[in-house]
Amino acid sequence: MQQPIPEPDFYRPVSYSRTTLTELMIPSYANFGGKIHGGILLSLMDKVAYACAAKHAGNYCVTVTVDGVNFLQPVEVGELVSLMASVNYVGRTSLLVGIKVIAENVKTRTVKHTNTSYFTMVAKGEDDKPAKVPGLLLETPDDVRRFMEAQQRKEIKARYEQEFKAIKTELELRQNVASLVGQRCQVAFEL
Ligand SMILES: CC(C)(COP(=O)(O)OP(=O)(O)OC[C@H]1O[C@@H](n2cnc3c(N)ncnc32)[C@H](O)[C@@H]1OP(=O)(O)O)[C@@H](O)C(=O)NCCC(=O)NCCS
């Protein structure tokens, strides 16, 4: 039997799609406490993740999952927020985009690292089906480290999801009620 001819692989360097988006935090972005809404930052992260992923893929991309969104420090009105995105890892049709977010006070010259998050994007073809993305050309030791970390993160997440699925199916409320002792909850009905 004739073997299928493997498609030649095509690689794009990490630097080709590295993207930085900088935006001024205006008063309409603030919540009632005067700080910037988390949703504004999430929307900017999604935007920069799309730009970075679509550039690498050469195709339209969609967001599949978002990991590691922890806002560690508030962002203030008047600060300049910069989102630095690069493709950390690629699968066949998916890409992991790492985004580092910093907020800068231009007057005091202070820079805060507010969070680093990971967006998994999938490239879509003309038929709206997942489309193969170019491989990733790792140009620096940091590129290699990020690719390896992404592999580890993917494995750990898959293991966690499997374990949690098993726990969920096994979870018998009455048998596990002891696990609620000491927690900040009250059961308002008879179990
Ligand atoms: C993402 C989507 C294309 C996956 O479709 P699918 O039929 O499951 O396709 P596949 O099983 O071939 O998976 C495609 C890729 O997505 C990855 N993927 C699918 N679900 C995933 C998840 N929950 N987490 C991480 N990666 C995931 C697969 O691993 C695969 O990656 P690979 O090709 O690099 O190995 C589909 O679920 C979709 O279109 N979702 C809506 C996305 C969207 O509209 N987002 C905007 C926000 S609403």
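**Close-ups of a predicted HotDog ACOT-type model**

**View 1. The annotated stretch, residues 15–127.** UniProt, in an unreviewed entry, puts the feature "domain: HotDog ACOT-type" at residues 15–127; UniProt positions follow the numbering used here, feature names are shortened, and annotations may be inferred rather than shown by experiment. Keep in mind that this is a predicted model, where local features need pLDDT of at least 70, side-chain atom pairs count only at pLDDT 80 or more, and totals for chains, interfaces and linings use all residues. Numbering starts from 1 along each chain as its sequence is written. The span is 20% helix and 46% strand, and its end C-alpha atoms lie 29 Å apart. Helices (H or I, at least four residues) and strands (E, at least two) are DSSP runs, numbered from the N terminus.

**View 2. Helix 2, end to end.** How far apart are the end C-alpha atoms of helix 2? They sit 28 Å apart, which agrees with the 28 Å that its 20 residues (38–57) should span at 1.5 Å a residue; the expected span is 1.5 Å times one less than the number of residues. Among its buried residues are Leu-41, Leu-44, Met-45, Val-48 and Cys-52 (buried: 20 or more other C-beta atoms within 10 Å of its own, with C-beta atoms placed from the backbone). An α-helix has 3.6 residues a turn, so residues three or four places apart point the same way.

View 3. Five strands line up in the order 2-4-5-6-3, with antiparallel pairing (two strands pair if DSSP finds at least two bridges between them). Strand 2 (19–24) and strand 3 are the edge strands, each pairing on one side only.

View 4. Strand 4 (residues 80–90) and strand 5 (residues 94–105) run antiparallel and are joined by ten bridges. Leu-80 has Glu-104 as its bridge partner, while Val-87 has Val-97. Three residues make the hairpin link from strand 4 to strand 5. Next along, twelve bridges join strand 5 to strand 6, with Ala-103 partnered by Lys-112. In that hairpin, four residues lie between the strands, and Arg-109 takes a positive phi near 65°.

**View 5. Around the ligand.** The residues surrounding the ligand include Val-62, Thr-63, Arg-92, Thr-120 and Pro-130 (C-beta atom, placed from the backbone, within 6 Å of it). Strand 3 supplies the largest share of this shell, four residues.

Methods. Buried ≥ 20, exposed ≤ 12 C-beta atoms within 10 Å, placed from the backbone.
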